[in-house]
Amino acid sequence: MTDNNVPVIDVRHADKHFGKLHVLRDISLSVNRGEVVVIIGPSGSGKSTLCRTINRLETIDSGEILIEGVPIPPEGKKLAAMRSRIGMVFQSFNLFAHMTILENVVAAPRSVLRRNKKEAREEALRLLERVGVADQKDKVPAQLSGGQQQRAAIARALAMRPKAMLFDEPTSALDPEMIGEVLTVMTELAADGMTMLIVTHEMNFARRVADRIVFMDEGAIVEENTPKEFFECPRSRRARDFLSSLRDR
Amino acid sequence: MSISALLDKYGSLYLQAMLTTWRLTVISFAGAMLIGLIVTVIRVCPIRPLRHLGDFYVQIFRNIPGAAMLILLVYALPYLKLNFPYETCVLIATVMIPSAFCSEHLMSGMNTISPGQIEAARALGFTFFQMILRIVIPQALRSAVLPLTNLLVATMLTTSLASQVPLRPRDLTGIVSYINTRDVGGVAAFAISAALYCFTGLALGRLGGWIDRKVRILR
């Protein structure tokens, strides 16, 4: 399973409809070990949906998705086990409202991985330290700022020691002054070699951190490129239009 | 008879009746919570026919009058060769009916949980039961303390069904009929029971309010 040639995430010809809306059109995308892939595109382009199909929070109509070469299992214990190895960070943080920050980070390692209480706690404290919210550990989510909540949510995902992390617009719900602190944590993760698939609107961050940019529009991947080429001379007309619409703002 | 004369003569019986009502209330509410929790889990489980079964249970027991159910239990079940003691019949009614209401309160408690938290739990690899136990039930319970307090008081009042069968020792309602068939207690005999119901209900209300403040979830 540690074969470095097998992509960690491998999406093959995925198609999906929401009723009449064709949200994913023949998507093929792979993310290799240690790679940081950033998906950008206009809203409604299907990038969040794609991100959510990878741990089957959304199903696909046809095609297949493999994690380390293994197809995603259908609903059940095997799917839960697979999900536990892929970290996910949401736009709206989604911390458990009735637990303290520390309990949030300890819960899944204890319940899902049956890890020893003391070890789970120590690791959680290390992770909270790493994302800079250790001093908030005994508060409940509602007492934290959005940026702090999102960093705690990243710690919660990391506590499962995931093979890859999915970020679904992690800074879109944050006040501008809090975006930086979350992006800093993500940049550090990328530097540590974490395999990451990131949906974001933060273009400077994408340019700095991505190994590869995937540009989506109307449910299809329009362009896959290096960050430098994508932002300096995109190959596709739609990518050019998208980037210039951002500059006009 | 005056209230003080009644208390002189029947004070210890009233006390015993109050303790009986308390005992029936505790057993009924504990049973109702347990069954209510189980029914609620069934009503949100991934298997559709089971969900319908859970909904059906709630519709049946939410809509059946307690007295009608008690009559069925006491007079109809013996035809099926099921002879339960009177107290068991009363308790079946005072558990099943409040359990349906309990489930409804827990369902509305669940609705306070943001869908995102459920997605997060699934994304972390929680199985259905792990998620129910660690995420859903704790939040549903903590959000439903006040309605459940209501239910506890209502359950206590429902235990007055015990007065309709020859239960010994008598409950707070049963004791009134007992006294009024022996003495001329009149309204005063009722008033004492009413005061004891009231006292218990107020105390439970205070307790519920206190628990709610302790466990309420900040959002």
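## Briefing on the two chains

A:Ile67 stands opposite A:Val70 in strand β5 of chain A, where helices (H or I, at least four residues) and strands (E, at least two) are DSSP runs numbered from the N terminus. This is a predicted model, in which local features need pLDDT of at least 70 and side-chain atom pairs count only at pLDDT 80 or more, while totals for chains, interfaces and linings use all residues. Residues are numbered from 1 along each chain as its sequence is written, chains are lettered from A and ligands numbered from 1 in the order in which they are written, and side-chain values use heavy atoms, with hydrogens and water left out.

- β4(A) and β5(A) form a hairpin with two residues between them, and A:Glu68 in the turn has a positive phi of about 50 degrees.
- The open sheet to which these strands belong has four strands in the order β2-β1-β4-β5 (chain A), with antiparallel pairing. Its edges are β2 (21-31) and β5 (70-71) of chain A, each of which has a single partner strand, so one side of each is left without a neighbour in the sheet.
- Strand β1 (residues 9-18) of chain A is joined to β2(A) by seven bridges, in the antiparallel sense, and A:Ala14 stands opposite A:Ile27 in β2(A).
- β1(A) is also joined by five bridges to strand β4 (residues 62-67) of chain A, again antiparallel, and here A:Asp15 stands opposite A:Ser62 in β4(A).

**The six-stranded sheet of chain A**

- Six strands form an open sheet in the order β6-β7-β8-β3-β9-β10 (chain A), and the pairing is mixed. At the edges stand β6 (86-89) and β10 (220-225) of chain A, each with a single partner strand, so one side of each has no neighbour in the sheet.
- From one strand to the next, the twist of this sheet averages 15 degrees; for such angles, axes are lines fitted to C-alpha atoms, for helices over the stretch in contact, and the angles run from 0 to 180 degrees between N-to-C directions.
- Strand β7 (residues 164-168) and strand β8 (residues 195-199) of chain A pair in the parallel sense over five bridges, and the bridge partner of A:Phe167 in β8(A) is A:Ile198.
- Helix α5 (residues 146-158) of chain A packs on the sheet and touches β6 and β7 of chain A, and its direction makes about 170 degrees with that of β6(A); contact means heavy atoms within 4.5 Å.

**A helix pair in chain B**

- Chain B has nine helices and zero strands, and its C-alpha trace spans about 70 × 45 × 20 Å along its principal axes.
- The axes of helix α1 (residues 3-44) and helix α8 (residues 174-182) of chain B come within 10 Å and cross at roughly 150 degrees. That makes α1(B) roughly antiparallel to α8(B), since angles under 35 degrees count as roughly parallel, over 145 as roughly antiparallel, 65 to 115 as roughly perpendicular and the rest as oblique.
- The contact is made by B:Leu6, B:Tyr10, B:Leu13, B:Tyr14 and B:Ala17 of α1(B) together with B:Ile175, B:Tyr178, B:Ile179 and B:Arg182 of α8(B).

**Backbone details**

- Most residues other than glycine have a negative phi, and most peptide bonds are trans.
- A:Arg161, in the loop between α5 and β7 of chain A, has a phi near 50 degrees, a positive value in a residue other than glycine.
- The peptide bond from B:Arg168 to B:Pro169 is cis, with omega near -10 degrees, and B:Pro169 is found in the loop between α7 (145-158) and α8 of chain B.

**Between the chains**

- Chain A and chain B bury about 2000 Å² between them, 62% of it on carbon and sulfur atoms, where buried area is the accessible area (1.4 Å probe) that two parts lose on being put together, summed over both.
- The contact takes 29 residues from chain A and 20 residues from chain B.
- A:Phe96, A:Ala97 and A:His98 supply 28% of the area that chain A buries against chain B, more than any other three residues.

How values were computed: Two strands pair if DSSP finds at least two bridges between them.
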